[in-house]
Amino acid sequence: MTIILEYPHSIKRYIKFINHIDIECNCPFCGRPLWNHGKYNRTVHHKTKSYVIPIIRKRCPDCDKTFSLLPSFVRPWARFSNH
Ligand SMILES: [Zn+2]
């Protein structure tokens, strides 16, 4: 499942931010705080450049579901950013 992480800043700033900050969020189903569940890299295209950005993964210990925290400039149905 995907959770949209509202992030109004630039892609470059996101890449720095995501490596230094532990994002806390709650399960959309049961409200429990989610556990860290690693991350993966994803390529996004913005104008003429491509960026590889880390996507944080979280897991709910109660629902046993895994969530991907997708920054708001990436949309699940497109590999293109929407700036
Ligand atoms: Zn849950």
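Predicted model: local features only at pLDDT ≥ 70, side-chain atom pairs only at ≥ 80, totals over all residues.
Residues are numbered from 1 along each chain as its sequence is written. Local features need pLDDT of at least 70, side-chain atom pairs count only at pLDDT 80 or more, totals for chains, interfaces and linings use all residues, and side-chain values use heavy atoms, without hydrogens and water.

**Exercise 1. Find the order of the elements in the protein chain.**

Step 1: Take helices (H or I, at least four residues) and strands (E, at least two) as DSSP runs, numbered from the N terminus.
Step 2: The protein chain has one helix and four strands.
Step 3: Read from the N terminus, the order is β-α-β-β-β.

**Exercise 2. Find the protein donors of the zinc ion and the geometry of its site.**

Step 1: Donors are N, O and S atoms within 2.8 Å of the metal (3.2 Å for Na, K and Ca); water is not among the atoms, so sites may look incomplete.
Step 2: Cys27 (SG), Cys30 (SG), Cys60 (SG) and Cys63 (SG) lie 2.2 to 2.3 Å from the zinc ion.
Step 3: Their angles are 103 to 113°, and the site is tetrahedral (four donors, all angles between 85 and 135 degrees).
Step 4: The spacing along the chain is C-x2-C-x29-C-x2-C.
Step 5: Cysteine 27 sits in the loop between helix H1 (11-20) and strand S2 (35-46), and cysteine 60 in strand S3 (residues 49-60), so the pair ties together parts 33 residues apart in sequence.

**Exercise 3. Decide whether serine 72 is buried or exposed.**

Step 1: Buried means under 20% relative accessible area, exposed over 50%, partly exposed in between (1.4 Å probe, protein chains only).
Step 2: Serine 72 has 9%, so serine 72 is buried.
Step 3: Serine 72 follows strand S4 (65-71).

Definitions and conventions
Tetrahedral: all angles 85-135°; square planar, octahedral: opposite > 155°, others 65-115°.
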